[in-house]
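Have the sequence and the 3D view open as you read.

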Amino acid sequence: MPGAGNDPGKDRLPGNQATIWGTLGLAVVVIVGLSAVRLEHQPETTRDYPPRPLIADGPAVMKPAPEIDDEYLPCRDCHTSPDRQTGPIPRELEYEHEDTELAHGNLWCLHCHDPERPGRLRLADSSLVKFEDSWQLCTQCHAKKLPEWRAGVHGKQTGHWRGPKEYQTCVECHEPHAPPFGTIEPKPRPKRPDEIIQPARISGEEQHGDS
Amino acid sequence: MGTPRNRRVKQAGEAPEPSGSSRRDFIKTAATVGAGAIVAAPAVASGFDFDLESFFQKNFRELSEEELDALVKRLSRKYSKKYGKDVSVSAIGPMDGVLYGYGLDISRCTGCRRCVHACVEENNQSRDPEIQWIRVLEFERSEALRGIDLKDGNPYYEHKEVPDEGKFYIPIACQHCEDSPCSKVCPTGATWREPDGIVVIDYDWCIGCRYCMAACPYGARHFNWAEPNVPAEDINPDMHVIGNVPRKRGVVEKCTFCIQRTRKGRYPACHEICPVGARKFGNLLDPESEIRYVMKHKRTFVLKAELETKPKFFYFWGTEGRS
């Protein structure tokens, strides 16, 4: 590495270059002085901020459930015929919904869907709720998740930690028929040290090398 | 200007004195051996568009309200012009009664690195050369019982899908220590802890000596070896003076809990993007906050607790007994 002491061009400086170097030297001296002042000076440990009151908290609203785009909607198109097959005992679906892979504990469709109106979810007390209120169904069986979800700890809130926030409903992350979150594609990894191109050498060094 | 910078780098190898009185000695050394070197750093740091005004800038903590106001306006103008968009630089201060805390649920994190990239975009980190404030480390599950040693973590994992079988992930950025070793060793007072617990850097005062990087036990600080580069169209125009304003070559940077967002009540960018909801953020002084819920109901731990740096970044297992 070229050191300042063995500058090969030193003795051969033409006049105008000497002036340039002299000026630069002076500039360095000035900067040295100023920076020494900066170094010697100790700022306060923190800034003396004027008081700023805590901003108001806002309402927590639920993000609308993701829209369902399903060839089967509306459900009542088919589920009105009186002679269709139904029943509480799990069976292989052959005629329709054969793609609905149910892998949720050992639940059967009618643990959640109403047999008469499958477009509605049936809670334990037999009351029916719409798909968009499915969290009420989920948290009946997964009761421990309810307080955590409300607190923003299970699942996720977005928006403001202080101010209006939105939290996501269960089916945003869990497909009700096969609820594990599953795997996702990762974003690119960081560069390894050996892949980082050395920053371009700076002009000063090149000058030394050239002369 | 090139050689001094290299000499300065060599100097940085010498360990700083741990005691508070070292500053004076440091100055002496600076004045004799490496005066030109160390002192030229701010000039070198700013690369070829050396900005006199920022060199003469007082330390952020000592600016009067009027000076701060003028600074913010000047920077807003400067960057609006530079990037051709409406940049708004703020110096918004901490709120009373707020101490920030972060929680990360290791049982949920899938290692998808969405937080890493959201952070880069939000905080104007250099794209090339690449600077990333968050590193996601991959560990073997089978090793976890023996305790986590950060140096066993692999940040370079590549899989088609994550989480990979038998692995778990720990994202790491600045831990915002209460007893922050980084700020103690800074010879110029360019880094400190704010009243709301955010450890910040005054980029105009950073001389790039990198003592703080050596002092940080979490490897959370990053150095701009070359001129950072963010395409104008990717610049996030919502900036904070001691946050995501554009940096220059030769300065250190790190996570600020997205100070430009959080001081306005918003969640940090990494929190917003996390697809599994593994990230929790809020006011440790508010018993109703989600972070306090975590502290109360979950078993939390901090990294390298034995160093007693008192991080404000907590890790926890949201689910026990389920793999």
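Contact here means heavy atoms within 4.5 Å. Keep in mind that this is a predicted model.

## Around B:Thr110

Let's start with B:Thr110, which sits in the loop that runs between strand 2 (100-105) and helix 6 (114-122) of chain B. Is B:Thr110 buried or exposed? Its relative accessible area is 5%, and since buried means under 20%, B:Thr110 counts as buried.

So what does B:Thr110 touch, once its neighbours within four places in sequence are set aside? From chain B, there are B:Val162, B:Pro163, B:Tyr169 and B:Val276, and from chain A there is A:Ile184.

## Two cis peptide bonds

As a rule, most peptide bonds are trans. One of B:Thr110's contacts, B:Pro163, is joined to B:Val162 by a cis peptide bond, with omega near -5°. Both B:Val162 and B:Pro163 are on the contact list of B:Thr110. B:Pro163 itself is found in the loop between helix 7 (141-144) and strand 4 (167-172) of chain B.

Over in chain A, the bond from A:Leu73 to A:Pro74 is cis too, with omega near -5°. Look for A:Pro74 in the loop between strand 1 (60-62) and strand 2 (121-122) of chain A.

## Positive phi values

Most residues other than glycine have a negative phi. You'll find B:Asn124 in the loop between helix 6 and strand 3 (135-140) of chain B, and at 3% relative accessibility it is buried.

B:Phe257 also has a positive phi, near 55°. Its loop lies between strand 9 (252-253) and helix 10 (259-262) of chain B. With a relative accessible area of 2%, B:Phe257 is buried as well.

## A buried lysine

B:Phe257 brings us to B:Lys312, since the two are in contact. Where is B:Lys312? It belongs to the loop between strand 11 (300-301) and strand 12 (313-316) of chain B. This lysine has 8% relative accessibility, so B:Lys312 counts as buried.

Leaving out neighbours within four places in sequence, the contacts of B:Lys312 include the run B:Leu99, B:Tyr100, B:Gly101 and B:Tyr102.

Conventions
Residues are numbered from 1 along each chain as its sequence is written. Chains are lettered from A and ligands numbered from 1 in the order in which they are written. This is a predicted model: local features need pLDDT of at least 70, side-chain atom pairs count only at pLDDT 80 or more; totals for chains, interfaces and linings use all residues. Side-chain values use heavy atoms; hydrogens and water are left out. Helices (H or I, at least four residues) and strands (E, at least two) are DSSP runs, numbered from the N terminus. Buried means under 20% relative accessible area, exposed over 50%, partly exposed in between (1.4 Å probe, protein chains only).
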